[in-house]
Amino acid sequence: MTAVPRIRTARAGLMITLLALVLGGLVVITTSMGFIPISPGETLGVMWDGLRGAANLSDQLHQSIILEVRLPRILTAVSVGFGLAVAGTVFQGLLLNPLADPFTLGVSSGAAFGAALALLLGLTFLGPPTLCAMAFMGAVATLFAVITMSGRDSELSPTNLILSGVIVSAILSAGLSLIKYLADDRVSVIVFWLMGSFVSRTWYDALLTTVTGLSGFAICLYFARDLNIMSLGSRSAKSLGVDTGRVRLILLLTASLISAMCVSVSGIIGFVGLIIPHLMRFVVGPDNRWLLPASGLGGAILLLLADTLTRAVLPHEVPIGVLTALIGGPMFCWIFSRTRSGRHRG
Amino acid sequence: MDKVTYDIKGLSFGYSETCVLNDLDLTFEPGTLTAIVGPNGSGKSTLLDLMSGHHAPTAGTVHICGKSVSSYNPVELARLTALVPQEFDFNFPFTVREAVLMGRHPHIPRFSHPSAHDMALVDMAMKMTDIALLGDRILAELSGGEKQRTIFARALAQDTPALLLDEPTSSMDICHALKSMTELKRLTREKQRTVVTILHDLNLAAGFCDRIVMLKHGRIHAWGNATETITAEAISNVFGVHANVINTATGLHISYGIKERP
């Protein structure tokens, strides 16, 4: 009688377990890859010792490569991928638009503008976290501008949000160009940062993104069922007892916070928040209670692979934002044309 | 609470400058099936929006069981009244069964799974609307009438004492339109539900509904049982068409035609 939802649920649960295992395995394997190859077994041993805080008997050099160089960068990449994909899923669900992601609302551009401003003016009033703070302020200011523009009443209509987002993004990208123009000798710093990179990330970055990513994810998961209902449109959702205005505001803020943290740590990395939720919807279905964790893990895997590719496989470090767009763009075209020619699955 | 009475007093509503509803007084009682009829733009859907709390009145009040609609929190309200909207979106590939199960949302606590009772209500609603065999299909791929039956089933699964419907049968075939109306009638008779539905088909309204509210330009033109409200004169006044109303043993039969230009 209830066979269908159960099969779908069981499959989704299996998929998520599988993704988590793959991610765990990949973290170990990629940590052992690099300029100085280390065996996965030794990597695992060093990680385990590091976790226990035990003194390590193995090679001091290998230990410091793993714990101080590779692991912070890898964990940052993982949590940024996780965060971007979760934020993308939430934006798509909220805006009822499969093309929505942190960029659609101008949130990423706002964060980038704030961070670029900090780089241009050489702001360091908070020390190293200044960049994060400025990015977050940029993202929040943009979000509020977009919300004010689109919400005449308490209801934030998806079409208005997207329209305002596109307009604000256009203004911000002009502002960003102006900053680059004014930056003179600093321009290379800004440009390289904008292209996105995980080079020399510290434990501080890893911790910041992990904590933001996971707590944001918890909030989104709390409202996952409301998000499902909201896909029916706000009149229906309200009649089913969902406080649409409130849920939309909370989720917009949460997803923007996650995006801002990701941008401030790694620059602009596109396409992860767009493609991964699409891909995962094919696999686990549209129910956000499963889609959110699956997307998060998928995003983490994708960004980890992309970062490893540029770090350990390619002869030169390519900015990861460029790489994800180069791989992700064509992949998105392929998915899109397949969806259009095959069954219409939103 | 298993019975709901709507009390509407002095209700007016307007968008910026245009006045959509003007000073309505209406009561909808448990155990009655009421049809709202009227030409396009006469304010039928707006009346339903005000009753479901989607809009707030510019003047006057809508009370459910003696309390203003706006004083209920969304979940409380969703346990009292279900809505079948005229337009519905399906943005993501949910299946028919998942969509019907969403009707149980206000009854299932957060992080809980649907109980056997929830699933039984979903199955019953799907059987009632003949969509049991479509359960695994993706909603967006169904025909218009099948989608409408799914939305109808969702409202039935919500299992509320009051039911508001906006042209629930507009895309359905004759058989399913009749079945849906029969089900609404059964709910008012057997479970003392309060049902208010907007209808365009006057024959359906006359054949099934206890009370009929006829709206014209945001005002009540007539309010009463079928024989009182649906007359050739009223139809001519409100809709501007020529009508033939025949009162037979099986009920009213209405046929209409465009008025000849003089």
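Reply: The model is a predicted one, and in it 30 residues of chain B are in contact with 24 residues of chain A.

Me: Which element gives the most residues to the side of chain B that touches chain A?
Reply: The elements that give two or more residues to this side are helix H2 (74-80), strand S6 (81-84), helix H3 (96-101) and helix H4 (116-128) of chain B. With four residues, the element that gives the most is H2(B).

Me: By class, how many nonpolar residues does the side of chain B that touches chain A have?
Reply: Seven residues on this side of chain B are polar and seven are charged. The number of nonpolar residues there is 16.

Me: Which strands stand at the edges of the four-stranded open sheet of chain B, with a single partner strand each?
Reply: In this open sheet of chain B the order is S2-S1-S4-S5, and the pairing is antiparallel. An edge strand has a single partner, so one side of it is left without a neighbour in the sheet, and in chain B this applies to strand S2 (18-28) and strand S5 (67-68).

Me: Which residue of S5(B) stands opposite B:Ile64?
Reply: Strand S4 (residues 59-64) of chain B runs antiparallel to S5(B), and two bridges join them. Opposite B:Ile64, the residue in S5(B) is B:Lys67.

Me: What angle does the direction of helix H1 of chain B make with that of S1(B)?
Reply: Helix H1 (residues 44-51) of chain B packs on the sheet, where it touches strand S1 (6-15), S2 and S4 of chain B. Between the direction of H1(B) and that of S1(B), the angle is about 120°.

Me: Which are the edge strands of the six-stranded open sheet of chain B?
Reply: Here the strands follow the order S6-S7-S8-S3-S9-S10 in chain B, with mixed pairing. Neighbouring strands are turned by 15° against each other on average, direction ignored. The strands that pair on one side only are S6 and strand S10 (219-224) of chain B.

Me: Which residue of S9(B) stands opposite B:Thr34?
Reply: Strand S3 (residues 33-37) and strand S9 (residues 211-216) of chain B pair in the parallel sense, over four bridges. The residue of S9(B) that stands opposite B:Thr34 is B:Arg211.

Me: At what angle to S8(B) does helix H6 of chain B run?
Reply: H5(B) lies across S6 and strand S7 (162-166) of chain B, and runs at about 180° to S6(B). Helix H6 (residues 174-191) of chain B lies across S3 and strand S8 (194-198) of chain B, and its angle to S8(B) is about 155°.

Me: Is B:Gly135 buried or exposed?
Reply: B:Gly135 lies in the loop between H4 and helix H5 (144-158) of chain B, and B:Thr95, 40 residues apart from it in sequence, is 6.6 Å apart in space, C-alpha to C-alpha. A residue needs 20 or more other C-beta atoms within 10 Å to count as buried. Because B:Gly135 has 21 C-beta neighbours inside 10 Å, it counts as buried.

Me: Are H3(A) and H11(A) roughly parallel or roughly antiparallel to each other?
Reply: Helix H3 (residues 60-95) and helix H11 (residues 244-266) of chain A pack with their axes 9 Å apart, at an angle of about 150°, and their crossing is left-handed. Angles over 145 degrees count as roughly antiparallel, and H3(A) and H11(A) are therefore roughly antiparallel.

Terms used:
Residues numbered from 1 in each chain as written. Chains lettered and ligands numbered in written order. Predicted model: local features only at pLDDT ≥ 70, side-chain atom pairs only at ≥ 80, totals over all residues. Pairing = 2+ DSSP bridges. Contact = placed C-beta atoms within 7 Å. Axes fitted to C-alpha atoms, helices over the stretch in contact; angles between N-to-C directions. Nonpolar A, V, L, I, M, F, W, Y, C, P; charged D, E, K, R; others polar. Parallel < 35°, antiparallel > 145°, perpendicular 65-115°, else oblique. Left-handed = near helix turned anticlockwise from the far one by under 90°. Buried ≥ 20, exposed ≤ 12 C-beta atoms within 10 Å, placed from the backbone.
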